[in-house]
Amino acid sequence: RSAVREAIAELRSIGMIHTRQGAGSHVASSLNWQNTKSSQSPDKSDSLTQVFEVRQELEPGAAAAAAARRDSAAMAALRGAFRGLTAASKGGHPAGEADIRFHEAIAVASGNEVFVDLIGYFRKPMSQSIVLARSNSARQGIRWRSDAYQEHRAILQCIEAGDSDAARSAMHLHIANARRRLGLAPIRSC
C-alpha cells in the first residue's frame, strides 16, 4: 500500500496524473507530462543538438501560423514581448527569460493551442538552449543586439506583415544562426 502511494506521488510530481480528494486519480494529458529526459540540462553537444532539431521544426511553423492568423491582441502581446526582450538585452540584464517569452508569444499568436502546448511542454530545454546560446555569444564577444536582435526583429516584422513564408524563413534562419553561434553543425534539410 505504501508502495502504491509512493508511485502515485511520483507520477503526480511529474504531471502524469491528477488526484482529487474523493474523485481518485486520473491520467493527465500527455502534453502536460514533464519529460524527465528533456528536463535535463542540455549540457552535452548531442542533447543540445536534439533540442535545436526540435526547435528547427517546431518554431518556424508557429511563426508562419502567427503571420497567417495574427490578431490585434496577439500582436500587442508579441510587440510587448519584443520590447521586454530589447530592454533586457540593451540594459545588460540576463535576457533568457525575456527571449523565451518572445517565442511563447509567437506560439500564442499562432492561434493554435497545440503550438502553445508544445512550446510549454518544451519550455525548460528550449530556455536552457537560449541561455546557452546567449552566454556563448557573450563569451565570444558576439553582441546580441547586432545579430540575434536583428533576427528577432525580422521575425516580428514578417509576422506583422502577415507574410507566413517570410516569417517561417526568418525563424528558420534565427534557429540556424543560434546553432552556429553555439558551434553546432547545421541541420541538413531535404
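Modeller: At 15% relative accessibility, Tyr149 counts as buried, where buried means under 20% relative accessible area, exposed over 50% and partly exposed in between, with a 1.4 Å probe and protein chains only. This is a predicted model, in which local features need pLDDT of at least 70, side-chain atom pairs count only at pLDDT 80 or more, and totals for chains, interfaces and linings use all residues. Residues are numbered from 1 along each chain as its sequence is written, and side-chain values use heavy atoms, leaving out hydrogens and water.

Biologist: Is Phe82 buried or exposed?

Modeller: Buried means under 20% relative accessible area. Phe82 has a relative accessible area of 9%, so Phe82 is buried.

Biologist: What kind of pair do the rings of Phe82 and Tyr149 form?

Modeller: Rings of Phe, Tyr and Trp (its six-membered ring) pair if their centres lie within 6.5 Å; planes under 30 degrees apart count as stacked, over 60 as edge-to-face and the rest as tilted. The centres of Phe82 and Tyr149 are 5.6 Å apart and the planes stand at 35 degrees, so the pair is tilted.
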